Amino acid sequence: MPAGSRRARAAAFGTPKPGGRIASVAFHGIDVLGVDVQVQTASGIPAFAVVGLPDKAVGESRERVRAALASLGLALPPKRIIVNLAPADLNKEGSHFDLPIALALLASMGVLPGAELDRYAALGELGLDGRIAAVAGVLPAAISAAQRGLGLICPAEQGGEAAWAGELEVVAAPSLLALINHFRGSQVLRPPEPRVAAPEGAPLDLADIKGQESAKRALEIAAVGSHNLLMCGPPGSGKSMLAQRLPGILPPLEPAEALEVSMIHSVAGVLAEGRLLRRRPFRDPHHSATLAALTGGGSRAKPGEVSLAHLGVLFLDELPEFPRSALESLRQPLETGRVTVARAAAHVTYPARFQLIAAMNPCRCGHLGDGSRACGRQPRCGQDYQARLSGPLLDRIDLAIEVPAVSPADLTLPPSAERSTDVAKRVAAARAFHRARVEQLMSEANAPTLPPPRCNAELDGGWLEALASPDSEGRKLLAQAIERFHLSARGYHRILKLARSLADLEAEPQIRRVHIAEALSYRQMQAGL
């Protein structure tokens, strides 16, 4: 930085002013609301008050700011200090208000230039030694700042996260002292580079699973259309192994999808090192998870597992062991792709377009139908155990398959020659075929008005009619199945979506009878066959 520029910036310091201000943010789900942090110092009995509906974490900012300034050798002025977080009728939650309060206070003390701070929004938590700690929500805050024409001041370790927001100035500081030196011109904080999460090792391979060819086929179909899958089989049959290998055959997130998913993880505070996600999330909560843990909630209405699995996979092992209320809470997000957390103090909507993969034993002991190992209560034990899953929940599952125990002959076989990379190529080709047909339809004058579907599970309205219409033989078979098995309207539509994925695997523009027949075979549990 030129010496003249540094002198000019330094000349702006040193004169205390009655007040300072800087922009910050509050979060309502993944939506960002602007907050104006105002500090006023006035004569009177020394005090430090924070107003504007702060929660306890914001109220405690006073002591963290006081200690951080003391670590720099700065004392609060012996005046009445009032911090106002406007608008005053909006609840302010979280420790990320520490940094903007400290910056606005330093501006009022003449340590920082108030005019220059007007160009930034800030968020970050202060340590007692003045270091700036990571906080949740930096990515959506950066996007909001860019839309408002502001730069962003944030913790150093999250600068790479903020840099994904586009054309905005990001000042990522490790400490309050470094930030002061930067604005004084005695230190330059380099603009951070966007960072992407490094792969956590190679994904698990389908070649590790011996036998279970029909289950592998169902897993591939589920990957093509992002369909929900339920696997039922005895313990040790490979259900969990199959589910854990699904991410290895799914395509990576598109750039826009990666930004969408990373925003949710940022708000939840689980975006590791501020790195953007590229691999689809895979969430596998324990069956003791509560309703709030699955759908979101808590005192701050944080996103739950269904939102953290957005555009990825939610794996529920031992499905009947989950609380009944938690399972029933999945019905709405499975249908709409979003979840609304309604509490007395919050009403927040999060995206929740996830792919449900579930596994269960056929009964409590797990050996229903095995005469040598089953308990004495069969078949009643199996009926009671499977009755824990409601009909409406099962109606939202596209594929329900049996995963039998692996035979000794299969265990002695060498590893399969077909690897996850081979299956992933077929899945990618099927999705590319789907995308090409959607783009072709969008170019026509009578294209559906709904947003284009990313996969077959999202087909709805005009898109379903245009892309998933079977031929005459297929339509006839489907009509017979509806009449014989009393399928619901939802079941009818899900069979069409599943058949469309089967046709995409074969690059067939038209759904044929064989596709309808295979799709029907995967709904045996729902139809009560």
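Is Cys-232 buried or exposed, and what is its relative accessible area? Cys-232 is buried, because its relative accessible area of 9% falls under the 20% cut-off. The model behind this value is predicted.

## Overall build

The protein has 529 residues, and 50% of them count as buried. Its secondary structure comprises 24 helices and 18 strands. The C-alpha trace spans about 85 × 60 × 45 Å along its principal axes.

Consider contacts with a separation of 6 or more: residues 24 or more positions apart make up 74% of them.

## Surface and charge

The protein carries 58 positive and 53 negative charges.

## Cysteines

The disulfide count is zero. A pair of cysteine sulfur atoms must lie within 2.5 Å to qualify. For Cys-232, the nearest cysteine sulfur belongs to Cys-363, 8.8 Å away, and Cys-232 is in no disulfide.

Cys-365 is in no disulfide either. Its nearest cysteine sulfur is also that of Cys-363, at 3.4 Å. Cys-365 counts as partly exposed because its relative accessibility is 29%, between the cut-offs of 20% and 50%.

## His-182

His-182 sits in helix α8, which covers residues 176-184. At 11% relative accessibility, His-182 counts as buried. The side chain of His-182 makes a polar contact with the backbone nitrogen of Leu-189 at 3.2 Å.

Definitions and conventions:
Residues are numbered from 1 along each chain as its sequence is written. This is a predicted model: local features need pLDDT of at least 70, side-chain atom pairs count only at pLDDT 80 or more; totals for chains, interfaces and linings use all residues. Side-chain values use heavy atoms; hydrogens and water are left out. Helices (H or I, at least four residues) and strands (E, at least two) are DSSP runs, numbered from the N terminus. Buried means under 20% relative accessible area, exposed over 50%, partly exposed in between (1.4 Å probe, protein chains only). A polar contact is a pair of N or O atoms within 3.5 Å; within protein, one must be able to donate a hydrogen and the other to accept it, and residues adjacent in sequence count only if both atoms are side-chain atoms. Contact means heavy atoms within 4.5 Å. Lys and Arg count as positive and Asp and Glu as negative; His and the chain ends are not counted. The place of a charge is taken as NZ of Lys, CZ of Arg, CG of Asp or CD of Glu.
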